[in-house]
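The following note sets out points for a colleague who is examining this model.

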Amino acid sequence: MADKNTPDEDIRIVNMNEEKHIFTMLVDNEPGVLSRVVGLFSGRGFNIDSLVVAETIDPKISRITIVTKADRPVLEQIEKQLNKLVNVIKIRDLTGPEAVKREMALICVKAKTEYRAEILRIVDIFRCQVVDVGREHYIIEVTGEAGKLEALIQLMKPMGIKKIARTGPLALIREPN
Amino acid sequence: MEMTGAQILMEVLKQEGVDTIFGFPGGAVIDIYDELAKTEIRHILVRHEQGAVHAADGYARASGGVGVCLVTSGPGATNTVTGIASAYMDSIPLVVITGQVPTHLIGNDAFQEVDIVGITRPCTKHNYLVNHVDDLAKTIKEAFHIARSGRPGPVLVDLPKDVGNATSSYEPLEEVNLKSYKPTYKPNMNQLKKIVQLIENARRPLIFAGGGVILSGASDELTRFARKTQIPVTTSLMGLGAFPGTDPLWLGMIGMHGTYRANMSTGACDLLISIGVRFDDRVTGKTDAFAAQATIVHIDIDPTSIRKNIPVAIPVVGDCKVSLDHLNKLADQTNLGDLRQKREKWLDQIEQWKSTNPLAYKQEDKIKPQYVVEKLYELTGGKAIITTEVGQNQMWAAQYYHFDRPNHFITSGGLGCMGFGLPAAIGAQLACPDKLVVDIAGDGSIQMNIQEMATAVQYCLPVKTVILNNGYLGMVRQWQELFYEKRYACTCIEHAPDFVKLAEAFGAVGLRATKPEEVESVLKEGLSVPQPVIMDFMVEKEESVYPMVPAGAPITEMLLV
Ligand SMILES: Cc1ncc(C[n+]2csc(CCOP(=O)(O)OP(=O)(O)O)c2C)c(N)n1
Ligand SMILES: [Mg+2]
């Protein structure tokens with residue numbers, strides 16, 4: 001699928017004034033830090049669409065990536081409030097085409113004999129892979145932008161999706177060429 | 001040097017200049033108390049941990065330093081939460097040290113274990129659980145640094161019992177350096193220049209100052225700025241004393257129970273210079289209508305305060321004192337024209353608002369609560385440190401006592417926490433032993449931390465409690481009168497103790513006035529005796545606080561006397 005990020009797809013206008021934004025932040029890798037971040041969202045009535053957390057190269061630092069929906073003034077508040085947390089080292093709004101974004105999903109799809117070939121053909125087209133095979137199912141691993149995952153899920157629906165596990169997006173700013 | 005955690009704690013406290021700790025012991029902190037008793041640090045044994053935190057709060061506000069508390073785990077820790085939340089809302093620097101069960105028991109539902117770090121995460125500026133004695137010194141240093149710098153606030157340090165007992169080598173640490181915490185003190189000069197330009201062109205400018213001015217020690221700078229530019233000043237409840245209450249440019253407090261002229265000026269001004277405020281809903285009323293004709297400038301050290309509630313044309317992130325200092329210099333370099341002439345119409349208009357609707361009450365044959373506060377102001381020459389409880393008593397104190405100096409009005413503003421005044425007065429009295437400290441109280445609120453009378457008596461702290469005894473949870477009753485057709489559901493508290501006898505039972509002095517002509521003599525006697533005193537003023541029961549802006553209305557739409 002295309003590597004290009006169209007801004008339209010990225011800043012999805014949710015309702016009248018709400019926009020979807022993706023924030024990424026470096027935080028101290030300590031117990032309780034995630035709770036501070038999440039508690040700030042719940043305590044102030046901000047919403048979290050998705051959340052991804054893991055250690056960085058430096059084991060003392062983690063990266064948190066959050067997708068949220070809000071209007072402009074609230075987005076400004078979210079960024080400032082996160083910045084104010086003592087354990088947040090750096091925060092950046094990565095909405096827009098300057099950043100690469102990827103999500104991942106594991107999809108367990110029913111694989112009856114008559115569909116097996118079709119599923120593998122789709123997997124091939126989407127350049128994803130089958131990571132578990134059974135008599136009655138495949139588990140497909142797919143990474144890409146939200147749109148790609150969405151498209152694959154739609155194609156798999158008719159075969160019968162048994163289970164699905166999705167991450168929210170990860171994002172990294174592109175380095176200058 | 002090899003030391004135990006408890007000893008290291010004492011070393012760092014001394015290094016931080018701590019001379020007073022408010023606390024209450026228990027199993028998890030016995031070792032710390034054992035070390036504390038060997039130091040010069042004065043420990044004030046309160047009678048309830050909530051009292052310890054409010055006392056530390058009063059101490060911090062009166063002294064301008066950091067208030068320190070020490071309590072045990074479990075119930076000791078949970079009892080501090082209300083006090084911490086109040087200090088958090090009002091940006092008061094505190095370090096609260098809570099004992100915790102030993103590290104190997106954490107998470108086991110051990111005896112007197114609670115996750116106080118989890119509980120206080122949303123109401124502290126920051127908090128810590130110290131897992132290892134090697135981290136202790138650094139953590140305590142950081143706690144003080146975070147509490148007092150930037151926008152101040154309470155910091156909690158949870159200290160497991162075994163960490164206090166374990167040993168580590170201790171070397172005094174130098175400055176704290178946190179890469180993820182760097183408050184912005186220095187304002188953007190271009191923004192400040194824009195403000196001076198706006199002042200040049202404004203016809204109806206107004207300064208709105210808040211607690212941030214007091215916290216940053218910028219009252220003198222503010223006063224100079226206002227006088228130099230001839231701009232009238234209003235403040236929030238938290239800002240009272242930031243500008244002299246006897247200055248001709250003073251308009252009185254803004255907001256729900258603000259003065260007529262302060263609220264009308266806010267509605268009519270064309271330039272609003274807000275400094276060290278956060279636009280609480282009790283200040284703004286209906287936000288769309290707030291200062292609707294004005295270009296709004298907002299100077300604050302906390303970026304999250306800016307544009308949180310009110311759109312702002314000129315935001316300035318910076319320390320109030322540093323910013324005002326620069327503004328004064330810029331104003332000196334600018335020809336602002338003939339200010340008296342420029343301001344004449346505006347100041348005349350304000351004077352007219354003042355004379356048509358001054359703060360007022362009707363003197364009748366019952367004692368009026370406002371009269372008690374007025375008399376108190378008169379008899380103390382406006383020099384007392386006033387703490388308050390919450391409710392009508394608090395608003396009358398704010399309206400009728402006039403503060404010429406900062407750090408003299410100590411009230412639970414943001415949280416509005418009943419039971420604050422008496423322990424806060426104890427803290428303030430310890431910080432300022434030579435000053436007269438008076439808690440203006442309600443008959444309801446005073447019962448929430450009345451046990452601290454024992455603390456006042458034990459340490460010979462001559463705090464004076466003035467109860468405006470109306471037999472009601474008066475402020476709630478006022479809302480019921482105005483908005484619930486006088487259905488006084490559960491607000492009558494006539495079933496109260498005899499406060500005079502109660503004072504005596506604590507070993508303090510109790511006095512009572514039931515008629516207006518007794519007010520002065522009771523105040524005179526109460527203020528002059530060297531003991532703690534409770535003065536019980538039996539006031540008009542159904543007196544209400546005016547002006548009043550109904551919740552959610554524009555602040556220019558006031559109910560008047
Ligand atoms: C801890 C707490 N509980 C409840 C309230 C709600 N409340 C606000 S003012 C008030 C009445 C206080 O009564 P009193 O101390 O007698 O003061 P008055 O208004 O009569 O002067 C109450 C109950 C509060 N502010 N704080
Ligand atoms: Mg009352």
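1. Strand E18 (residues 464–469) and strand E20 (residues 533–538) of chain B run parallel and are joined by six bridges. Within this pairing, B:Leu468 has B:Phe537 of E20(B) as its bridge partner. Helices (H or I, at least four residues) and strands (E, at least two) are DSSP runs numbered from the N terminus, and two strands are taken to pair if DSSP finds at least two bridges between them.

2. This is a predicted model, in which local features need pLDDT of at least 70 and side-chain atom pairs count only at pLDDT 80 or more, while totals for chains, interfaces and linings use all residues. Residues are numbered from 1 along each chain as its sequence is written, chains are lettered from A and ligands numbered from 1 in the order in which they are written, and side-chain values use heavy atoms, with hydrogens and water left out.

3. The open sheet in chain B consists of six strands in the order E16-E15-E17-E18-E20-E19, with parallel pairing. Strand E16 (409–410) and strand E19 (509–513) of chain B each have a single partner strand, so one side of each lacks a neighbour in the sheet.

4. Contact means heavy atoms within 4.5 Å; axes are lines fitted to C-alpha atoms, for helices over the stretch in contact, and angles run from 0 to 180 degrees between N-to-C directions.

5. The peptide bond joining B:Tyr546 and B:Pro547 is cis, with omega about -5°; B:Pro547 lies in the segment after E20 of chain B. B:Ser91, although not a glycine, has a positive phi of about 55°.

6. At the interface, 16 residues of chain A contact 16 residues of chain B. The rule finds two salt bridges across the interface of chain A and chain B, a salt bridge being a side-chain nitrogen of Lys or Arg within 4 Å of a carboxyl oxygen of Asp or Glu. One salt bridge links the side chains of A:Lys84 and B:Asp302 (2.7 Å, N to O).
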